[in-house]
Amino acid sequence: MRIAVTGTSGRVGAALARHFPKNHEVVWLPRAFCDLANPDSLARTLDQLDCDVFINPAGITSLEACEDDPALAMRINAEAPGEIAAWAAARGVAVFHFSTDYVFAGGAAGLRDEAEIPEPRSVYGRSKLAGERAVLAVPGNCVVRLSWVFGPEKPSFIDQVFDSALAGRPLAAVADKFSLPTFTGDLTTWMERLIAMNTTGVIHACNSGEPVSWHEMANAVLGEMAAGGVLPEIPGIQKQTLAEIVAFRAARPRFTGMDTRRLSEILGQPPRHWREALAEHVRYRIGGNFTRAVTGK
Ligand SMILES: NC(=O)c1ccc[n+]([C@@H]2O[C@H](COP(=O)([O-])OP(=O)(O)OC[C@H]3O[C@@H](n4cnc5c(N)ncnc54)[C@H](OP(=O)(O)O)[C@@H]3O)[C@@H](O)[C@H]2O)c1
């Protein structure tokens, strides 16, 4: 199969563009070739493109950047995916587009399934929801919702905790917001399966378990570091509230852990627990490994 992947310098795009060549031919579409902000650039790329599947992880992912420029957020996260979907429909190409748990208001505890009505509270969430709708306007397409993505391709919250703990810096983490993380090392194999099964519609893709706070995840990182022998003792982590984080100008939903029953049915088993995935990543970091996303390709 010939698979086109955007956002190849990002966490998800880099993971997929590196994984798929094992079994498929991959066409890398970094921003330099395919600028989603620029309709002409996107149209030129699509004109020349020949593929069976189009995967679109590219997007503006900073909530604050979206608040600062809502028009650009809508252009990149919603209009461009719609143009990709229209192009793909005319050629019989399946589109797999990525979205987020931040499409939910997340006002109450519990797991959110695919049938729950989204009610985004930020420009980012609204632009991602508009992108979902534009892609799903074409039957046969799939929207994969992710949450708190981590992996070796690009540092995330988990790596910040790892690096700070190793350097002996004081630690603090938000303890009143809950979700479930997505490990790129697992996502790549789930995507193989979703594509092979011609999955359509919305699907929630994250690791399993009970929803956790960043504070609990940070504690799990420290526990794995201690078990791996790189921390003599586990330092305390100051608890923060969402409201205290002044850098967060955009509203963040508090309870967005996603229900993965649909993914489990397709995989034939539940996705592994987030703690196992996190432990693998921390062991990888302890081994001194960290491959940054490949850029410029
Ligand atoms: N990371 C998370 O925790 C998370 C959670 C939920 C959902 N998601 C969703 O998952 C998807 C992938 O996220 P990610 O973590 O891989 O994001 P990321 O690391 O921020 O990467 C975003 C990618 O989009 C590219 N991009 C940005 N503007 C572009 C433009 N105008 N034209 C073309 N490409 C552009 C970036 O390229 P440059 O390097 O050139 O900027 C980068 O490759 C996104 O749809 C996101 O909404 C992510």
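Let's start with helix 4 and helix 5. Helix 4 covers residues 70–91 and helix 5 covers residues 123–136. Their axes come within 8 Å and cross at roughly 15 degrees. Axes here are lines fitted to C-alpha atoms, for helices over the stretch in contact, and angles run from 0 to 180 degrees between N-to-C directions. Angles under 35 degrees count as roughly parallel, over 145 as roughly antiparallel, 65 to 115 as roughly perpendicular, and the rest as oblique. Helix 4 and helix 5 are therefore roughly parallel to each other. Their crossing is right-handed. Handedness goes like this: left-handed if the near helix is turned anticlockwise from the far one by less than a right angle, right-handed if clockwise.

Who makes the contact? From helix 4, Pro-70, Ala-73, Met-74, Asn-77, Ala-78, Pro-81, Gly-82 and Ala-85. From helix 5, Val-123, Tyr-124, Ser-127, Lys-128, Ala-130, Gly-131, Ala-134 and Val-135. Contact means C-beta atoms, placed from the backbone, within 7 Å. These residues divide into 11 nonpolar, four polar and one charged. Ala, Val, Leu, Ile, Met, Phe, Trp, Tyr, Cys and Pro count as nonpolar; Asp, Glu, Lys and Arg as charged; the others, Gly among them, as polar.

Some housekeeping. This is a predicted model: local features need pLDDT of at least 70, side-chain atom pairs count only at pLDDT 80 or more, and totals for chains, interfaces and linings use all residues. Residues are numbered from 1 along each chain as its sequence is written. Helices (H or I, at least four residues) and strands (E, at least two) are DSSP runs, numbered from the N terminus.

Next pair: helix 8, residues 214–227, and helix 10, residues 274–286. The axes come within 9 Å and cross at roughly 50 degrees. Helix 8 and helix 10 are therefore oblique to each other. This crossing is right-handed. On the helix 8 side we have Met-217, Ala-220, Val-221, Glu-224 and Met-225. They meet Arg-275, Leu-278, Ala-279, Val-282 and Ile-286 in helix 10.

Now the ligand. Its shell holds 26 residues; Gly-7, Ser-9, Gly-10, Val-12 and Thr-100 come nearest. A residue is near if its C-beta atom, placed from the backbone, lies within 6 Å. Helix 1 (11–19) and strand 4 (94–100) are the elements that give two or more residues. Helix 1 supplies the largest share, three residues. By type, the shell has 12 nonpolar, nine polar and five charged.

Buried means 20 or more other C-beta atoms within 10 Å of the residue's own, exposed 12 or fewer, partly exposed in between, with C-beta atoms placed from the backbone.

Asn-141 sits in the loop between helix 5 and strand 5 (142–146). Asn-141 is buried, with 25 other C-beta atoms within 10 Å. Beyond its neighbours within four places in sequence, Asn-141 contacts Ala-85, Ala-94, Val-95, His-97, Val-135, Leu-136 and Thr-200.

Gln-238 is in strand 12, residues 237–240. Gln-238 is exposed, with 10 other C-beta atoms within 10 Å. Leaving aside neighbours within four places in sequence, Gln-238 is in contact with Leu-171 and Ala-172.

Ser-264 belongs to helix 9, residues 261–267. Ser-264 is partly exposed, with 13 other C-beta atoms within 10 Å. Its contacts, neighbours within four places in sequence aside, are Gln-269, Pro-270 and Pro-271.

Terms used:
Two residues are in contact if their C-beta atoms, placed from the backbone, lie within 7 Å.
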